[in-house]
Amino acid sequence: SVGLASTLAAIRMGKTIAIANKETLVTAGHLVMSEAKKYNAPILPVDSEHSALFQSMNGENTKRIERLILTASGGSFRDKTRAELEGVTVKDALNHPNWSMGAKITIDSATMMNKGLEVIEAHVLFDMPYDNIDVLLHRESIIHSMVEYSDTSVMAQLGSPDMRVPIQYALSYPDRLPIANAQRLNLAQIGQLHFKEVDFDRYRALKLAYDAGRAGGTVLTAMNAANEAAVALFLDEKITFLQIEECIERVMDAHNNILLPDLETILAVDSETRKIVQSMVK
């Protein structure tokens, strides 16, 4: 969420924003998008899922979109039951099967909070109701996301897991440039792709994100700040993996929500929430 003030400053200068910081849109999506419209600043998604959605909308009538489908690898614990998550270590959580990412986002992937943040980001970027945004488990991370249209057609963007592709696309848009040493997709070699519905009881953090998104307001800021603080505590081995979700849920349950907050309010809620999570441990 530290990227919020600088993003708003760049928007007010009329810059094109290639946004990789989903927390900015989660905590203050209404401010970012209204300012972007006011200052005519294009916002291009860098996250692989949102880049895939963006690419799957190119040339289409967006009024005919029925559903956005975000794919999710399931993270480092995708083959574990909820009971088996008791006692998992930081080292275990950082061992992502498909992507090489920073520690915080890798833990978010393991809890599926990362996908929850992406659902909120998709709602903000593409003005899509939460009831029309689905998450689909897809362990290979080959289909990066899909868009379903009113005629039942589904457009998807596929590729080998390589973050250079969506990053470069945002920087070179609307052109496409070669990428040196990139692995080309060979579907014959892959053979099969797997898909599975999401179990919200298994991935409680994803449900919490949907709940916060539907509520709107400062509960989004509180949820995001609680998650960032709790993940930091887990990485420092001060709480267990499952306590990350517990911290977030306790914060959300106790939060007095403020709809359409200004920047000052958002920053205050963010700061206070982190102190609350720290006090839970003490």
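This is a predicted model: local features need pLDDT of at least 70, side-chain atom pairs count only at pLDDT 80 or more; totals for chains, interfaces and linings use all residues.
A residue counts as buried when its relative accessible area is under 20%, and as exposed when that area is over 50%.

In soluble globular proteins, nonpolar side chains tend to be buried together. The largest nonpolar core of this model holds 76 residues. Leu68, Met223, Phe241 and Ile244 touch the most other members of that core. H10 supplies the largest share of the core, with ten residues. Leu68 has contacts in several stretches of the sequence. Residues up to four places away in sequence aside, Leu68 touches Leu53, Met57, Ala122, Phe126, Met128, Asn132, Ile133, Asp134, Met146 and Val147.

Some of these partners belong to a pair of packed helices. Two packed helices are described by the angle between their axes and the distance between the axes. Helix H3 covers residues 48–57 and helix H6 covers residues 113–126. They pack at an angle of about 35°, and their axes are 10 Å apart. The crossing of H3 and H6 is right-handed. On the H3 side, the contact is made by Glu49, His50, Leu53, Phe54 and Met57. On the H6 side, Lys115, Glu118, Glu121, Ala122, Leu125 and Phe126 take part. By class, this contact has six nonpolar residues, one polar residue and four charged residues. Leu53 and Met57 of H3, and Ala122 and Phe126 of H6, take part in the contact and are also touched by Leu68.

In H7, residues 164–172, the buried residues are Pro166, Tyr169, Ala170 and Ser172. What covers them includes H3, strand E1 (17–19) and strand E2 (43–45). A cis peptide bond joins Tyr173 to Pro174, with omega near 10°. Pro174 is found in the loop between H7 and helix H8 (187–190).

The loop between H10 and H11 contains Glu237. This residue is not a glycine, yet its phi is positive, at about 60°.

Helix H11 spans residues 241–254 and includes Cys247. Cys247 counts as buried because its relative accessibility is 6%, under the 20% limit. Its contacts, not counting residues up to four places away in sequence, are Ala230, Ile239, Val277 and Met280. Cys247 and Ala230 are 17 residues apart in sequence, but their C-alpha atoms are 6.6 Å apart in space.

Leu260 lies between H11 and helix H12 (263–281). Phi of Leu260 is positive, near 50°, in a residue other than glycine. With a relative accessible area of 71%, Leu260 is exposed.

Terms used
Residues are numbered from 1 along each chain as its sequence is written. Side-chain values use heavy atoms; hydrogens and water are left out. A nonpolar core is a set of buried Ala, Val, Leu, Ile, Met, Phe, Trp, Tyr and Cys residues joined through side-chain atoms within 4.5 Å. Buried means under 20% relative accessible area, exposed over 50%, partly exposed in between (1.4 Å probe, protein chains only). Helices (H or I, at least four residues) and strands (E, at least two) are DSSP runs, numbered from the N terminus. Contact means heavy atoms within 4.5 Å. Axes are lines fitted to C-alpha atoms, for helices over the stretch in contact, and angles run from 0 to 180 degrees between N-to-C directions. A crossing is left-handed if the near helix is turned anticlockwise from the far one by less than a right angle, and right-handed if clockwise. Ala, Val, Leu, Ile, Met, Phe, Trp, Tyr, Cys and Pro count as nonpolar, Asp, Glu, Lys and Arg as charged, and the others, Gly among them, as polar.
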